[in-house]
Every structure is written in structure tokens, then in C-alpha cells.
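Please read the report below alongside the sequence and the model.

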Amino acid sequence: MEVQAEPELDADIAEIGRSLARRGHSAAALKRVPQERGLNLVGRDPKVRAALLQLVDVAPACENAADLAGHLNSYLGQVGDSGGRPVAIAAGAARVPGTRALTGQAARVAINRMAHRFIVGATPEQAAGELRLMWSHGNAISVDLLGEATLTEAEGAAYADRCDRALSTLALDARGWRANPLLESDAAGPLPRANLSVKVTALTPLVRPQAPGRGQRDAAEHLRRLLRTAAEAGAHLHVDMESMDSREMVFEMLLSILAEDEFRSGPSAGLVLQAYLRDSEEMLDEIIGWASRTERASPLTVRLVKGAYWDQEHIEAIQHGWVPPVWSEKADSDRCFERITRRLIDAFPLVRPAIASHNLRSLAHAIAYSRHRLLGIGDLELQVLRGLGDDLAEALARDGYRARVYSPVGDLVSGMAYLVRRLLENTSNDSFLADRAAGADLDSLLASP
Ligand SMILES: Cc1cc2nc3c(=O)[nH]c(=O)nc-3n(C[C@H](O)[C@H](O)[C@H](O)COP(=O)(O)OP(=O)(O)OC[C@H]3O[C@@H](n4cnc5c(N)ncnc54)[C@H](O)[C@@H]3O)c2cc1C
């Protein structure tokens, strides 16, 4: 079928984007205004940003409020005059003995609130109530058990155990959720309610790009076990994508395991494609080739993201004198994201497209294109991160779309690295959310990249 002329598609994209932006002003969104102001303050000045991120990082290790205030004072002391009056007042209050403990307590409350915004609960059991609520508000979920890169094989096995238990707990709990056909099926068949995202570098410490074999064997055993549990529980297992160090190994391992006879009948599973990589369209060719050769009961879900490791990939390549594997201009990542979005939508139901972004243009483009291709409304999935895309998820649900909220679960300590990453993302110079928070004009944000 011919794609309609671009001007027509662009008009639809602008209309969908504006409608989503309007609907984002919910009561819940207004409650978050003080936190948004905080994030804006963090984003405006690189020195303030660095100071507050250092504070977030050190907070779990602080013994008491005065200790935290001491760190606050020392970090803000490095900011100098550029921080302005609020920073000078906070640094002063953290220094003076009479107000030090109180300032430390206030900082602790603010950090905990911020962490809670991004993390659903400390354990799957503790997160159960919030996940049920999100489902009842019309959003699907994917749980991510927080845990940074694993250093020993025992840590990898412990993470696999946690994932295994989480799959069973989630699936059991999800049986009590209210029926919602949009979240539970598409034209390709049923969609599991319970959905877990896992990271391969948390399953094994042995990921080495030069010697992928050992890491692959170690991770593959854990992955097979999780796939078995997911199949028994009727859950979906999604494998996140990390930096280039592990990409080839993860792709190869996952696709070859999913093609094994044992896993052809299930479970539902998925992977992630990063559009900021220059070769992402070739990866898509491989995925689509694999999907057409491999008969499985449920299609592979492909979560399309831009990619969360841009600085790391860029800096590492420059240091070695290599051409960076990532695009250098954000507009190139945005355009690549749109090209892959279209190809994924065109490929449904061979694969299930799951378009993950907080960029209204990227999401509106996916919705408009899927409409032009006459895809059913439930045949396109949109995904956001908890804490960054809550308003969008609500707006998408109200407009009748399936939005899945990626929901981290973990304690404050393991959550801090995650929190720092997300705060950096929200305040990075080249980001839709930062531009929007800085008051950029909506029409220009919705324009073709
Ligand atoms: C549900 C969900 C799951 C996710 N899972 C993963 C995952 O498994 N792996 C992963 O890597 N990421 C993952 N992410 C994060 C994602 O990759 C992005 O970092 C994040 O969503 C920001 O992109 P955006 O489209 O929302 O915002 P935008 O503001 O439109 O895009 C920001 C992104 O543009 C890219 N960019 C920024 N500057 C430049 C530049 N100079 N040149 C080229 N590109 C640039 C970067 O990728 C940056 O993250 C996930 C995101 C979501 C919503």
C-alpha cells in the first residue's frame, strides 16, 4: 500500500502531538510541578547539576542528616557564584550548625521523593499495589529489577534468582487484575499481563567483546531458566540492550535461544533496537530475517529506543580514534528512529512494534504512520519510563492506546545509579524533555527532524 503524501502525515503528526501535549496537563502532572522546577534548576547550570548528582550518588552511604548536609555544603561550595541565591542559601543552611541537620533531613526527603518518582517499590511484593493501580488506570507495565553490572558469577546467579521469583510473583498477582482487552491482546494473539525486563550484564560478569563465548554460556543458562519460568507462568520476558560491549553477544544469544525447539511455543519475548547506532537498520534486517525464518507461537516484540549510552559510546570511540558507532547529531538519531518505526509497523505481525520514547514527535509519528497503514489501534505498543513518561502514559491510555510503563523495582541504594542516569537524561542538552521544560515552542518540537 502506498504511504500517503508526507504533508498529510506531518499534519496528522502535529495534531496527535498537540492532543497528547494538551492531555498531559492532568491533576497528577500538576502535583509534580515542584519536582519539575527542581529538575529545571538542576538542568540550567552544569556545576549545580554536577553537585546535586554527586549528592544523590552519596546519599545512601550517609549515616545521618548532618553527614548528608556536610556533603551538600561541600558539593555546593564547588559551584561558586554561578549558582545564584537558592544555591548560596542552601549551602549556608547546610554549613551553619543550627540548621545543618534540618537541611540534611530536607535533602534526604527530596532525594527519596525523587527516587520514588522513578522506582515503583523496593521489592516486587511491595510494588504489587502500585502496579495493580497502573493497570487499573489503563497502562500495561514492564518490571525492571534494579541492579547494576554484576561483578561475580554468584551475583549473576542471585540476580537470576530474583528475576525468577519476580516472574512468578508478578504472574500470580496479575491474575487478579481487571480484564482489559487492549492491554492483553493484539491482532497477533494474546499479550501476557506479567512482563519483566532483564539486563544480560546483571546475569553474568563475563561479558567481554573480545571473548564473548564464556559470558554467553554463563548468561544463556540463566536466560533459559528465566524463559522456562516465564513460559510456565504465562509471562513475557524482555531483554534490554546496553552498550556496544555486549550488543553482538546479546543479539546472537537471545535469537539463537528463542529459535530452540523448547522455546518455539513460548514464552512471549522481546529485545531492544537502538536507533542512535549507525548500523541499527542493518540490525533490523537481521531481526526481520530471523523472524521470517523462525516459527514461534508469539511474534518477537521489538522495543525501539534511541539509546541510553550516547556519551559513553561517543567518548570511547573518540579516545580510540574510531568513528563513533552512534550518530553525532541528534536529528540523525531521530530520523533513524522514524525510519525504523515505519519498517517495524510495516513488518507487523511478523514482529510486534513497541515504540519507546518521551519525545512527542517520535510517538506521534508512530501513531500517525500506523493509522496511515490501517493498523488496528491495539497493534502498536508505545512505551515510556516511569517518572519521565507518566503524563504521557496517562494521555495515551485516555486516547485508547496501549502504553506500557517500564517500572523499576529496587531499594534506594541500587536505585541511585538508575536515578542519576535518568536525571542526566532529563537534563541533558540534547533532549526533547529538556527542550520542552525550557519552554521550546511545541510546533517546532513536533516538526520533522
Ligand atoms: C520504555 C523504555 C525502555 C528503554 N529501554 C532502553 C534499553 O533497553 N536500552 C537503551 O539503551 N535505552 C533504553 N531506553 C532509553 C532510551 O534509549 C532513551 O535514552 C530515552 O528514551 C531518551 O530518548 P527519547 O526518544 O525519549 O528522547 P529524545 O530527547 O528525543 O532523545 C534523546 C536521545 O537522543 C539521542 N541523542 C542525544 N544527543 C545526541 C547526539 N548528539 N547525536 C545523536 N544522538 C543523540 C540519545 O539516544 C538520547 O538518549 C528506554 C526508554 C524507554 C522509554
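Is Ser268 buried or exposed?

## Basis of the model

This is a predicted model, in which local features need pLDDT of at least 70 and side-chain atom pairs count only at pLDDT 80 or more, while totals for chains, interfaces and linings use all residues. Residues are numbered from 1 along each chain as its sequence is written.

Ser268 is buried, with 24 other C-beta atoms within 10 Å; a residue is called buried if 20 or more other C-beta atoms, placed from the backbone, lie within 10 Å of its own, exposed if 12 or fewer, and partly exposed in between. Ser268 is found in the loop between H13 and E6, where helices (H or I, at least four residues) and strands (E, at least two) are DSSP runs numbered from the N terminus.

Leaving aside residues up to four places away in sequence, Ser268 touches Leu191, Pro192, His236 and Ser298, contact being defined by C-beta atoms, placed from the backbone, that lie within 7 Å. Pro192 is 76 residues from Ser268 in sequence, yet their C-alpha atoms are 7.5 Å apart in space.

The 15 residues of H13 should span 21 Å at 1.5 Å a residue, and its end C-alpha atoms are 21 Å apart, which agrees; the expected span is 1.5 Å times one less than the number of residues. The buried residues of H13 are Asp245, Ser246, Met249, Val250, Met253, Leu254 and Leu258, and they pack against helix H11 (200-203), helix H12 (212-233), strand E5 (236-239) and E6.

In H14 (residues 280-293), the buried residues are Ser280, Met283, Leu284, Ile287 and Ala291. They cover an arc of only 100° around the axis, which puts them on the same side of H14, the arc being that of the directions from the helix axis to the C-beta atoms. These buried residues pack against E6, strand E7 (300-305), H16 and E8, whereas Glu282, Asp285, Gly289, Ser292 and Arg293 are exposed on the other side of H14. For H7, the buried residues are Arg100, Thr103, Gly104, Ala107, Ile111, Met114, Ala115 and Phe118. Seen down the axis of H7, they fall within an arc of 105°, so they line one face of the helix; the face turned away carries the exposed residues Gly98, Val109 and Arg113.

## The ligand shell

The ligand is surrounded by 32 residues, of which the closest are Val305, Lys306, Ser357, Asn359 and Asp430; a residue is near the ligand if its C-beta atom, placed from the backbone, lies within 6 Å of it. Strand E6 (269-274), helix H16 (330-347), strand E9 (381-385) and helix H20 (432-437) each supply at least two residues of this shell. The shell divides into 15 nonpolar, 10 polar and 7 charged residues, where Ala, Val, Leu, Ile, Met, Phe, Trp, Tyr, Cys and Pro count as nonpolar, Asp, Glu, Lys and Arg as charged, and the others, Gly among them, as polar.

## Backbone geometry

Most residues other than glycine have a negative phi, and most peptide bonds are trans. The peptide bond from Gly266 to Pro267 is cis, with omega near 5°, and Pro267 is found in the loop between helix H13 (244-258) and E6. A cis peptide bond also joins Phe348 and Pro349, with omega about 10°; Pro349 is placed in the loop between H16 and strand E8 (351-356). Leu374, which is not a glycine, has a positive phi near 60°.

Methods:
Two residues are in contact if their C-beta atoms, placed from the backbone, lie within 7 Å.
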